Every structure is written in C-alpha cells, then in structure tokens.
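Keep the sequence and the model in view while reading.

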Amino acid sequence: MLLPQVGEAGQEKLLAASAAVIGCGALGTVVASSLVRAGVGRVKIVDRDYIELNNLQRQILFDEEDIARGLPKTIAAAEKLRKVNSQVRIQPIVADVNPDNVEEIIGDVDLVLDGTDNFETRFLINDACVKHGIPWVYGAVLATYGMTMTIIPHRTPCFRCFLAEMPVPGSTPTCDTVGVLGPAVNIVASLEVIEGLKLLMVREEELHGRLIYVDAWASTLERMELEKRDKPCPACDLGQFEFLEAQQGSYLTRLCGREAMQVNVRGEVKVSFPGLAERLNPVGRVTFNDYMLRFQVDSYELTVFPDGRTIIKGTTDEALARTLYAKYIGL
Ligand SMILES: [Zn+2]
C-alpha cells in the first residue's frame with residue numbers, strides 16, 4: 001500500500017478481484033504465489049498433473065514430501081498458499097483444460113494468467129478469453145529465454161493475431177529437448193503478474209503494450225511493437241473460435257518434458273478408486289489417495305484421476321498408450 005502505484009485503493013481492488021492461473025508448473029507456481037501474496041481475493045489454480053522430482057528445480061511451491069504423498073500440483077500449491085494468506089480464497093482444480101471445460105474455468109474470473117507449457121492450451125485460452133472478453137497474460141519460458149504479452153480482447157492484438165496457426169508438432173523446441181534455467185522462469189512469471197496486477201487495479205494505461213522478450217542469461221530485455229496483421233484474425237475479428245469448437249472423442253496428448261502420454265476422456269466420468277484398485281491389485285502395484293490412483297505394471301506407471309483422465313509414464317508411443325489404457329483402465 002506504500003507504493004503509489006498501488007495505494008489503499010489499489011489494494012482494495014485486488015482484494016475484490018479474482019484470477020485464474022492455468023498450469024501450475026514452473027511459471028504457474030511463481031504466478032500463483034505472487035497473486036496470493038499480493039492479496040488478490042480469489043485465486044483459481046488449474047493443473048492436470050502430479051509432482052515429480054525433476055519439477056523441484058524450478059516449481060517453487062513443491063517439496064519432496066508432496067511427492068511422497070502423491071499430491072496433484074494444484075492441491076499441493078493450494079495447501080502451501082493457504083498457509084501464506086488464509087484470507088485469500090484459493091480454488092484448486094485438478095483438470096486438463098480442454099474445449100469442454102475452459103469456458104467454465106475462466107467464466108467467473110477477472111483475469112487469466114498463463115502457466116501452461118503448450119500452444120494448444122494457449123490457443124484455447126485465447127479463444128475462450130476473447131469470446132468472453134476476459135483479459136489474459138501470455139507467458140512462456142524455454143532454456144534461458146522467455147516472453148510475455150498482455151491481451152485485452154478487442155483492444156489489443158490477441159494471441160492469434162500474434163501467432164496465426166499452431167506450430168507443426170515437432171517444429172519448435174520444447175523443454176523435452178532443451179531444458180529450462182530455473183531463475184529465468186521467475187523473471188517471466190513476475191512480468192506476467194505485474195501486468196496482471198495493473199489489470200486488476202484498473203491501471204490499464206500503464207500496461208507495457210508490447211511483446212517482451214527476456215534472455216535471462218544474457219541479461220537483456222527487448223520490447224517489440226505488436227501490430228495487427230492485414231488479414232483478419234479468426235478469433236478477435238471474425239469470432240471464429242476454432243480451438244474452442246474442436247470436436248474430439250477421447251484423445252491423446254503427449255506431455256511436455258517427459259516420456260509420458262495422457263489419455264483424456266470426454267463426458268461425465270467418476271472413477272471409484274477402491275473398485276479399480278481391487279481389479280488392478282492382482283496384476284501390479286496399486287496405491288491411491290483422494291486425488292489419484294497410481295498403478296505400476298512392467299516398466300509403465302499409470303496415474304488415474306477421478307475424471308478418468310490417465311497419464312501413462314514410460315512411453316511416447318500412441319498405440320501402446322491406447323493399448324495400456326484399454327487393457328487396465330478401460331473406461
Ligand atoms: Zn486476434
């Protein structure tokens with residue numbers, strides 16, 4: 001409140017505001033932590049994943065005990081952050097953000113912040129945010145560099161104005177192939193949150209209005225002008241939300257940063273873990289808690305969530321992943 005940029009009035013606006021952090025990995029943990037410490041009144045944290053040892057290098061809200069307890073990222077993050085500020089309403093959601101649920105997830109917040117690690121989810125967030133007129137802040141980090149931009153639907157260029165099409169799979173480097181410098185993440189996440197706070201405090205004239213590119217190793221920060229293309233943007237000019245309207249059945253996703261596949265299930269599913277554990281016990285090692293069931297068989301590890309979504313570790317082969325899913329989970 002001592003800062004003139006915030007003041008008592010700004011702090012009160014933050015308290016009355018809400019934000020969703022999509023993805024609670026490297027960027028998302030820093031973003032969520034900063035929002036809660038800043039006193040943003042309600043913070044939704046959405047992530048599909050559980051915590052692994054290699055995450056601890058950069059995902060600042062997690063520790064070894066969380067891994068031993070088998071906690072999903074959002075649950076562990078919420079536990080920690082409730083100890084930081086018990087007056088903030090923290091809403092953890094264990095889910096894969098997809099065309100079926102994204103509008104519900106973002107529909108009741110003032111702001112969305114990007115903590116994802118893939119283009120598909122960002123295009124989906126962009127479609128949903130443009131459709132509902134909700135501002136969002138894009139952020140990405142890879143190796144030692146990262147970038148961020150702030151999108152206010154119909155007032156600034158949107159993510160599809162900036163990047164018209166999804167990059168062809170395999171055409172861009174990922175954290176699978178190049179790694180990430182831990183502290184580089186914190187810089188980009190902080191830039192995202194600062195923009196977010198300006199938006200929530202209604203100080204839009206102070207947004208940077210650029211694409212910011214940071215190289216943390218070289219200690220450089222560049223600000224690039226964003227211009228709309230000549231061609232109309234499908235999302236913000238034409239209202240064609242192609243990612244939001246994507247029709248798919250149960251489908252597979254390759255998970256960034258590790259040898260794993262995810263099977264997504266559409267529709268209402270509620271898995272009974274005790275029942276599934278009983279069926280799987282004779283064939284492999286099974287453990288479960290309230291949030292997920294883990295099943296180890298041969299060299300594979302299957303992690304099942306209550307909505308049927310399953311992460312299969314130990315393969316990136318689509319056909320094999322489908323087979324393992326059908327054989328053991330078979331929803
Ligand atoms: Zn656009």
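Histidine 154 sits in the loop between strand 6 (145–151) and helix 7. The model is predicted. Histidine 154 is not a glycine, yet its phi is positive, about 70°. Is histidine 154 buried or exposed? Histidine 154 is exposed, with a relative accessible area of 55%.

Serine 219 also has a positive phi, about 55°, although it is not a glycine. Its place is the loop between strand 7 (210–215) and strand 8. Serine 219 counts as exposed, at 65% relative accessibility.

Strand 7 and strand 8 form the hairpin, with four residues between them. Six bridges join these two antiparallel strands. Aspartate 215 stands opposite threonine 220 in strand 8. Strand 7 also pairs with strand 6, again in the antiparallel sense, over four bridges. Here tyrosine 145 stands opposite aspartate 215 in strand 7.

**The zinc site**

Which residues hold the zinc ion? The protein donors are the SG atoms of Cys158, Cys161, Cys233 and Cys236, at 2.2 to 2.3 Å from the zinc ion. The angles among the four donor atoms span 96 to 119°, and the site is tetrahedral. For reference, the ideal angle for four tetrahedral donors is 109.5 degrees. Along the sequence, the donor residues follow the spacing C-x2-C-x71-C-x2-C. Cysteine 161 belongs to helix 7 (residues 159–162), while cysteine 236 is in the loop between strand 8 (220–225) and strand 9 (251–254), so this pair ties together parts 75 residues apart in sequence. Cysteine 161 is buried, with a relative accessible area of 4%. Cysteine 236 is buried too, with a value of 10%.

**Asparagine 126 and tryptophan 136**

Asparagine 126 lies in helix 6. It counts as buried, because its relative accessibility is 0% and the limit is under 20%. Neighbours within four places in sequence aside, asparagine 126 is in contact with Trp136, Ile151, Cys158, Phe159, Arg160 and Ala235. One of these contacts, Cys158, is also a zinc donor.

Tryptophan 136 is in strand 5. Tryptophan 136 is buried as well, at 0% relative accessibility. With neighbours within four places again left aside, its contacts include Leu111, Val112 and Asp114, and also Arg122, Ile125, Asn126 and Cys129. Met149, Thr150, Ile151 and Phe159 are contacts of tryptophan 136 too. Phenylalanine 159 is 23 residues from tryptophan 136 along the chain; their C-alpha atoms are separated by 9.6 Å.

The accessibility values discussed so far are collected here.

| Residue | Relative accessible area | Class |
|---|---|---|
| Asparagine 126 | 0% | buried |
| Tryptophan 136 | 0% | buried |
| Histidine 154 | 55% | exposed |
| Cysteine 161 | 4% | buried |
| Serine 219 | 65% | exposed |
| Cysteine 236 | 10% | buried |

**Strand 4 and its partners**

Strand 4 (residues 111–114) is covered on both faces. Leu111 and Leu113 are buried on one side, Val112 and Asp114 on the other. Strand 4 pairs in the parallel sense with strand 1 (residues 18–22), over four bridges. In that pairing, leucine 113 is the bridge partner of valine 21. Strand 4 also pairs in the parallel sense with strand 5 (residues 136–142), over two bridges. There, tryptophan 136 is the bridge partner of valine 112. Between strand 4 and strand 5 the chain passes through helix 6 (residues 119–132), and this β-α-β crossover is right-handed.

**Nonpolar cores**

Which residues touch the most other members of the largest nonpolar core? They are Leu35, Val40, Val43, Ile45 and Leu197, in a core of 44 residues. At least two residues of this core come from each of strand 1, helix 2 (26–38), strand 2 (42–47), helix 4 (73–84), strand 4, strand 5 and helix 9 (182–200). Leucine 197 touches Leu14, Leu35, Ala38 and Val40, not counting residues up to four places away in sequence. Another core, of 33 residues, lies apart from the largest one; Val112, Ala128, Ile134 and Ile151 are among its members.

How values were computed: Residues numbered from 1 in each chain as written. Predicted model: local features only at pLDDT ≥ 70, side-chain atom pairs only at ≥ 80, totals over all residues. Heavy atoms only, no water. Buried < 20%, exposed > 50% of the residue type's maximum accessible area, 1.4 Å probe, protein only. Pairing = 2+ DSSP bridges. Right-handed = clockwise from strand over helix to strand, strands pointing away. Donors = N, O, S within 2.8 Å, 3.2 Å for Na, K, Ca; no water. Tetrahedral: all angles 85-135°; square planar, octahedral: opposite > 155°, others 65-115°. Core = buried A, V, L, I, M, F, W, Y, C linked by side-chain atoms within 4.5 Å. Contact = heavy atoms within 4.5 Å.
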